[in-house]
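Work through these exercises with the model open beside you. Try each task before reading its solution.

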Amino acid sequence: MADRSTICALASGPPPAALAVIRVSGPLCTELARTHLARGVPAPRRAVLDRLHDASGQMLDEVLAVFMPGPASFTGEDVLEVTVHGGSLIVDRALQAFVDSGARLAGPGDFTRRAFEAGRLDLTRAEAIADLIDAETAAQHDQALKQFGGALGALYDSWHDRLTGLLALLEASIDFPDEEDAPDTVDAPVRAGLDELLAALDQALADGHITERIRDGFRVAILGAPNSGKSTLLNRLAGRDAAIVTDIPGTTRDVLEVRLVLGGYLVWLMDTAGLRDTADVVEAEGIRRARRVADEADVRIWLYDARTAFTPPAERRPGDVIVANKMDLAPDLGVSRETSAISAETGAGVDALIEAITGAIRDLGRAAPAPVLTRARHRQGIVAARDELQQARSGLSAGLGAELVSEHVRRAARALAGLTGAVDTEAVLGAVFSSFCIGK
Ligand SMILES: Nc1nc2c(ncn2[C@@H]2O[C@H](COP(=O)(O)OP(=O)(O)OP(=O)(O)O)[C@@H](O)[C@H]2O)c(=O)[nH]1
Ligand SMILES: [Mg+2]
């Protein structure tokens, strides 16, 4: 049962600020306006200069009030927005005045949840609002805007529609089991439809890593021989003294992660133990971890001392970034075109290296033009749908009855419908909306 209380919250940033927007949504809006605004309910969708009073008639502030009657408002309900001067006392007293007259303070995501419940946006667009607010990089911002535009929801809906079509075919064959030609007319198109959709889901699961990375950060590993200057480079890129640097080979043992924005992307930069054969148990464990990081990283930076020869390691992959470091000690040395020449110590060449790293990230992204599964929740739903469809597919091949096949298809459709919130459990909605900020 949807909550029909009237909610209010500070919708703008924390005071003090020049102005603060207090947002109210619910059936009490007109009554609150009549009680607390000197000029009563503002004309719809017009900014009106007015005075805000508490219930005893004490004036609180001169304000700008906007009234947006439902259902053509963000939440689908009557919405009142009052812009006050952004002092914490004014904000507190204004909120208290509305609470005294029957409104309640909103929790995280309450306004967006109402918009979702009123059918104003699906769950993927609601999530995009949270991502828009949280965006720290240009790439995250672009991705959230695309998702807010509805592209992701439309993709999920189109998959769901195709499954509904397949279900109709399957159900027709259950309803008319005696039709002579049922297996031919039903099996072949259902099989083809399942194969097509399975391919689309697999593709999305493969591409989706990029969109998840844009949101959660790309993993960029700095790898190479001991003493090549990996920790010095991490400190240089992070702009602070995060890692221990010494001239003793084998200084770094644990994997050290630093979160930073590089060229418009959120990145987890990882410093690792220098790779070499060693009898030291602790160092050997560090090297084992470094190899695992190399394996899981999105981008690998192989660093070597420019005065030595670079030996391509076994873990090297296409798209890796090769870096000759300590160029300040070998100023006349030439390096090949695909190698970045830097001095982590002086910072020379580091801007070009950042270009090379962001170029490698961009290349990863080229394979994934559409915004797909930006969150782990989406991945889970798509994996669940794919598993059901695989069972339906193998059931068809094994001659399983249409009733059983269609049950798997129905479960897959349900998993996909959960992505847009067309069907869903309270638990999922709670998890999605609790990650919002208050007032949104
Ligand atoms: N001259 C010069 N010295 C550098 C440069 N980069 C690093 N060094 C020095 O090289 C030594 C090793 O640097 P680290 O950053 O600790 O090297 P590392 O690759 O992290 O070493 P391990 O943790 O042992 O694998 C230190 O003495 C640094 O000051 C550089 O660009 N130029
Ligand atoms: Mg180190």
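## Exercise 1: the largest pocket

The largest pocket has a volume of about 350 Å³. The model is predicted: local features need pLDDT of at least 70, side-chain atom pairs count only at pLDDT 80 or more, and totals for chains, interfaces and linings use all residues. Residues are numbered from 1 along each chain as its sequence is written, chains are lettered from A and ligands numbered from 1 in the order in which they are written, and side-chain values use heavy atoms, with hydrogens and water left out.

**Task.** Describe the lining of the largest pocket.

**Solution.** 
1. On a 1 Å grid over the protein atoms alone, a pocket is an open set of points where a 1.4 Å probe fits, with protein on both sides within 12 Å along at least five of seven lines; lining residues have an atom within 4 Å of a point. Points are joined across faces, edges and corners, and the volume is the space filled by probe spheres set on them.
2. Count the lining. It has 26 residues, and N227, G229, T232, V245 and T246 lie nearest the pocket centre.
3. Sort them. Seven are nonpolar, 13 polar and six charged. Here Ala, Val, Leu, Ile, Met, Phe, Trp, Tyr, Cys and Pro count as nonpolar, Asp, Glu, Lys and Arg as charged, and the others, Gly among them, as polar.
4. Find the main contributor. Helix α8 (residues 230-238) gives the most, with three residues. Helices (H or I, at least four residues) and strands (E, at least two) are DSSP runs, numbered from the N terminus.

## Exercise 2: ligand 1

**Task.** Say which space ligand 1 takes, and which residues come nearest.

**Solution.** 
1. Ligand 1 takes the space of the largest pocket (more than half of its atoms lie within 2 Å of the grid points).
2. List the shell. There are 24 residues around ligand 1 (a heavy atom within 4 Å), and K230, S231, T232, G250 and D328 come nearest.
3. Check polar contacts (N or O pairs within 3.5 Å). Ligand oxygen atoms lie 2.7 Å from a side-chain N or O atom of K230 and 2.9 Å from a polar backbone atom of N227.

## Exercise 3: backbone

**Task.** Where does N227 lie, and what is its phi?

**Solution.** 
1. Locate N227. It lies in the loop between β7 (218-224) and α8.
2. Read the angle. N227 is not a glycine, yet its phi is positive, about 70°.
3. Compare with the rule. Most residues other than glycine have a negative phi.

Technical notes
A polar contact is a pair of N or O atoms within 3.5 Å; within protein, one must be able to donate a hydrogen and the other to accept it, and residues adjacent in sequence count only if both atoms are side-chain atoms.
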